[in-house]
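This report walks a new reader through a few local features of one structure. Please keep the sequence and the structure in view while reading.

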Amino acid sequence: TGHKFVHHYLPLLPLAPLWNVEISGIDLRAILSDERFQRIGSLQVGIGGQAFEALLASPHKINIAELNVPYAGAKVQATRVLCDPIAMPNLARLNLDSSYLGDEGLALISQSPLAERLTKLSLVSNKIGPVGARIFATSGSFQRLQSLELGYDTPGDGIVAELTEHANLP
C-alpha cells in the first residue's frame with residue numbers, strides 16, 4: 001500500500017533506484033513532490049484521475065519508463081502534458097486502460113513524440129472508435145511499438161477494419 005511505501009521504501013530511494021513501484025490508497029502529492037521520486041522507473045498508480053494529474057504536475061517524473069495508470073480519467077489537457085517530450089523523456093510503456101481517452105486522446109498520443117518512443121501501449125476500454133483507430137493506424141509514429149492492447153470499445157468490428165486496412169505499424 002501507499003503508507004507502506006512512504007514508511008519503508010521512500011527512505012531507500014537515495015540508495016538505489018526502484019523500478020517497479022505500485023502505489024494506491026494515499027494522497028500522492030507528498031511523494032510526487034519529493035526529489036527522491038525521480039529514482040522510480042516503473043510506476044503503477046491504483047487511484048484515478050487526481051493521482052494521474054498529480055503525477056503529471058510533479059517535476060520529478062523524468063525517469064519513469066513504464067507507467068500504469070488505469071482509470072486515470074485522462075482529460076485532454078492531462079494527455080497533452082503526458083505527450084510533452086520533456087515531461088517523461090524515458091517513457092516507453094504506457095497503460096491508460098479505462099481512462100476515457102476517446103478518439104481525441106488517441107489522436108494526441110499518435111501525433112506526439114511519445115508515440116515514437118512507445119514499445120507497449122494499452123488502451124483497453126477507452127471509447128476509441130473507428131476514427132481513432134484510423135488516426136492511430138495511419139500516424140506512422142509507432143515504429144517501435146511491440147505490444148498494443150485495445151478492446152471493450154463498441155464498434156469493435158470498425159476498429160479492427162481500420163487497423164487492418166490502414167495499418168502503418170511495424
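## An aromatic pair

Phe136 has a relative accessible area of 2%, under the 20% limit, and is therefore buried. This description, like what follows, rests on a predicted model. Phe142 also counts as buried, its relative accessibility being 1%.

The structure holds 1 aromatic pair. The ring centres of Phe136 and Phe142 lie 4.4 Å apart and their planes meet at 45°, so the pair is classed as tilted.

Arg117 belongs to helix 6, which covers residues 113-117.

A polar atom of the Arg117 side chain does, however, lie 3.2 Å from the backbone oxygen of Leu91. When neighbours within four places in sequence are set aside, the residues in contact with Arg117 are Pro85, Met88, Pro89, Leu91, Ala92 and Arg144.

## Glu66 and its polar contacts

Glu66 is located in strand 3, made up of residues 66-68. Its side chain makes a polar contact of 3.2 Å with the side chain of Arg93, and the side chains of Glu66 and Asn68 are joined by a polar contact of 3.5 Å.

Not counting residues up to four places away in sequence, Glu66 touches Gly41, Ser42 and Leu43, together with Leu91 and Arg93.

Notes:
Residues numbered from 1 in each chain as written. Predicted model: local features only at pLDDT ≥ 70, side-chain atom pairs only at ≥ 80, totals over all residues. Heavy atoms only, no water. Helix = DSSP H or I, 4+ residues; strand = E, 2+ residues; numbered from the N terminus. Polar contact = N/O pair within 3.5 Å; in protein donor to acceptor, adjacent residues only side chain to side chain. Contact = heavy atoms within 4.5 Å. Phe/Tyr/Trp six-rings, centres within 6.5 Å; stacked < 30°, edge-to-face > 60°. Buried < 20%, exposed > 50% of the residue type's maximum accessible area, 1.4 Å probe, protein only.
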